[in-house]
Amino acid sequence: MSDTYRMDFPVSWDELHRNARALAWRLSELGPFEGIVAITRGGLVPAAIVARELEIRLIDTACVATYDKKDMGDPSILKGVEGAGEGEGWLIIDDLVDTGTTARVVRNMLPKAHFATVYAKPAGRPLVDTFITEVSQDTWILFPWDVAPVYAKPIKEMR
Ligand SMILES: O=P(O)(O)OC[C@H]1O[C@H](OP(=O)(O)OP(=O)(O)O)[C@H](O)[C@@H]1O
Ligand SMILES: Nc1nc2[nH]cnc2c(=O)[nH]1
Ligand SMILES: [Mg+2]
């Protein structure tokens, strides 16, 4: 298991919705955009929220897998994008940039697109055109789709 991450940063659905909306506000000043390329799977939910706010209905996916849980591997491109040329006028959306590896791969596919994420860590920041919240490099962002409510033992029982 990776020892890169020292703490978790849990994000609720409400918080994610609020941050994705804030991202849409920023992007609304920069558009209009012809369409969105969502980087699966993490970019799907933020892309849906931004698409709703910016009234964009043309949505494609770039399917890239770089991590197995918290372990980073080589990025695997499962599907690229056709029909967006070099990406001029297109918006690429992902949930976050960490090392920037995934962003670099998709930027190579669509070098003229605008790259936006909800969260950014310092190493990935230079790869992103617009983001909302910065999180430290040693933090693992825990998304609501990766967690389930479980019983928490009373503190007294844990001492
Ligand atoms: O900047 P990087 O170091 O490349 O990390 C960021 C990428 O890692 C996660 O995807 P992951 O590969 O876990 O796939 P998933 O979106 O399907 O969960 C996340 O959704 C980003 O796409
Ligand atoms: N969920 C999640 N996926 C990641 N992939 C790379 N970094 C992260 C992170 O902090 N959280
Ligand atoms: Mg991803």
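This is a predicted model: local features need pLDDT of at least 70, side-chain atom pairs count only at pLDDT 80 or more; totals for chains, interfaces and linings use all residues.
Residues are numbered from 1 along each chain as its sequence is written, while chains are lettered from A and ligands numbered from 1 in the order in which they are written.

Now colour Leu16, Ala20, Leu23, Ala24 and Leu27, the buried residues of α1 (buried means 20 or more other C-beta atoms within 10 Å of the residue's own, exposed means 12 or fewer, partly exposed lies in between, and C-beta atoms are placed from the backbone). They cover an arc of only 100° around the axis, which puts them on the same side of α1; the arc is that of the directions from the helix axis to the C-beta atoms. Turn to the other side of α1 to find Asp14 and Trp25, which are exposed.

What do the buried residues of α1 pack against? Show α2 (44-54), β5 (90-97), β6 (114-120) and β7 (130-134) to see their partners. Contact here means C-beta atoms, placed from the backbone, within 7 Å.

**Into the core**

Next, select Ile36, Val37, Val50, Leu91, Ile92, Ile93 and Ala116, which touch the most other members of the 39-residue largest nonpolar core (a set of buried Ala, Val, Leu, Ile, Met, Phe, Trp, Tyr and Cys residues joined through C-beta atoms within 7 Å). The largest share of this core, six residues, comes from β5.

**The annotated positions**

Finish at Asp98 and Ile141, where an unreviewed UniProt entry places the feature "binding site"; positions follow the numbering used here, feature names are shortened, and annotations may be inferred rather than shown by experiment. They span 44 residues in sequence, yet no two of their C-alpha atoms are more than 9.7 Å apart, so they gather at one spot.

Asp98 is in the loop between β5 and α3. Beyond four places in sequence, Asp98 touches Lys121, Ala123 and Gly124. Ile141 is in strand β8 (residues 139-142), and is buried, with 20 other C-beta atoms within 10 Å.

How values were computed: Helices (H or I, at least four residues) and strands (E, at least two) are DSSP runs, numbered from the N terminus. Two residues are in contact if their C-beta atoms, placed from the backbone, lie within 7 Å.
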